[in-house]
Each structure stands twice: as structure tokens, then as C-alpha cells.
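Please examine the sequence and the structure displayed below before reading the report.

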Amino acid sequence: KIPLMVNAAEGGKTPILSPAEYRDLGFSMIVYPGTLLLRTLGMLSRTLAALRAGQFADEGSLPEFSEFTEVAGMKEWMAIDGKFK
């Protein structure tokens with residue numbers, strides 16, 4: 001009855017499984033501590049290597065710039081900026 005948590009760190013000792021597989025093993029909390037950072041670093045490295053080689057890196061479809069500004073909270077930051085002008 002005690003909630004179990006698994007720390008699924010890439011490169012760590014815990015095998016990386018899908019959330020469903022962890023649930024089947026009895027875990028109710030899953031932490032992927034480095035997943036986004038490591039994936040972002042990999043994409044940046046591949047993109048920079050391609051640009052250095054004179055190519056355009058194609059990492060697949062990209063979000064629209066409007067999605068970036070939404071995620072970054074640009075409307076809110078612009079409102080804050082407007083208060084101090």
C-alpha cells in the first residue's frame with residue numbers, strides 16, 4: 001500500500017522501461033530526471049555538427065514559433081515588461 005517511485009535515469013543502473021511496464025511492476029511514480037536535457041543536448045550536438053559540415057540538419061518536424069512563444073510565456077513577460085516602461 002506504500003507508493004513506490006522509480007528513478008529512471010539514462011545511463012543509470014535502473015533499466016529504462018515504458019511507464020506501463022513500470023506500473024506493471026508496481027511503481028506509481030516515475031521520475032525521468034535527465035531525459036529532456038539529454039535529448040535536447042543530443043539534438044543540439046547533431047544540428048551543430050551538420051551545420052559545421054555545411055549541411056542543414058533535419059531533426060524532423062519542428063514546432064511553430066508561436067508555440068515556442070506560448071511555452072516561454074512571452075505574453076506574460078511582455079505584460080510585465082510593459083509595467084516598467
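The report treats the model, a salt bridge, a pocket and a surface patch in turn.

## The model

This is a predicted model, in which local features need pLDDT of at least 70, side-chain atom pairs count only at pLDDT 80 or more, and totals for chains, interfaces and linings use all residues. Residues are numbered from 1 along each chain as its sequence is written, and side-chain values use heavy atoms, with hydrogens and water left out.

## The salt bridge

The structure contains one salt bridge, meaning a side-chain nitrogen of Lys or Arg within 4 Å of a carboxyl oxygen of Asp or Glu. Arg-46 pairs with Glu-59, and their closest N and O atoms are 3.1 Å apart. The two residues belong to distant parts of the chain, 13 residues apart: Arg-46 is in helix α2 (residues 35-52), and Glu-59 is in the loop between α2 and α3 (65-71).

Arg-46 counts as partly exposed because its relative accessibility is 47%. Glu-59 is also partly exposed, at 33%. (Buried means under 20% relative accessible area, exposed over 50%, and partly exposed in between, with a 1.4 Å probe and protein chains only.)

## The largest pocket

The largest pocket holds about 160 Å³ of space. Its lining includes Met-43, Leu-44, Phe-56 and Glu-59. By class, six lining residues are nonpolar, two polar and two charged.

## The nonpolar patch

Met-74, Trp-77, Met-78, Ile-80 and Phe-84 make a nonpolar surface patch of about 580 Å². Met-78 lies in helix α4 (residues 74-83) and counts as exposed because its relative accessibility is 51%.

How values were computed. Patch = residues over 30% accessible without salt bridge, like charges linked within 9 Å, V, L, I, M, F, W, Y side chains within 5 Å. Areas by Shrake-Rupley, 256 points an atom, 1.4 Å probe, with all protein chains shown as cover. Helix = DSSP H or I, 4+ residues; strand = E, 2+ residues; numbered from the N terminus. 1 Å grid on protein atoms, 1.4 Å probe; cavity = no way out; pocket = protein on both sides within 12 Å on 5 of 7 lines; lining within 4 Å. Points joined across faces, edges and corners; volume = space filled by probe spheres on them. Nonpolar A, V, L, I, M, F, W, Y, C, P; charged D, E, K, R; others polar.
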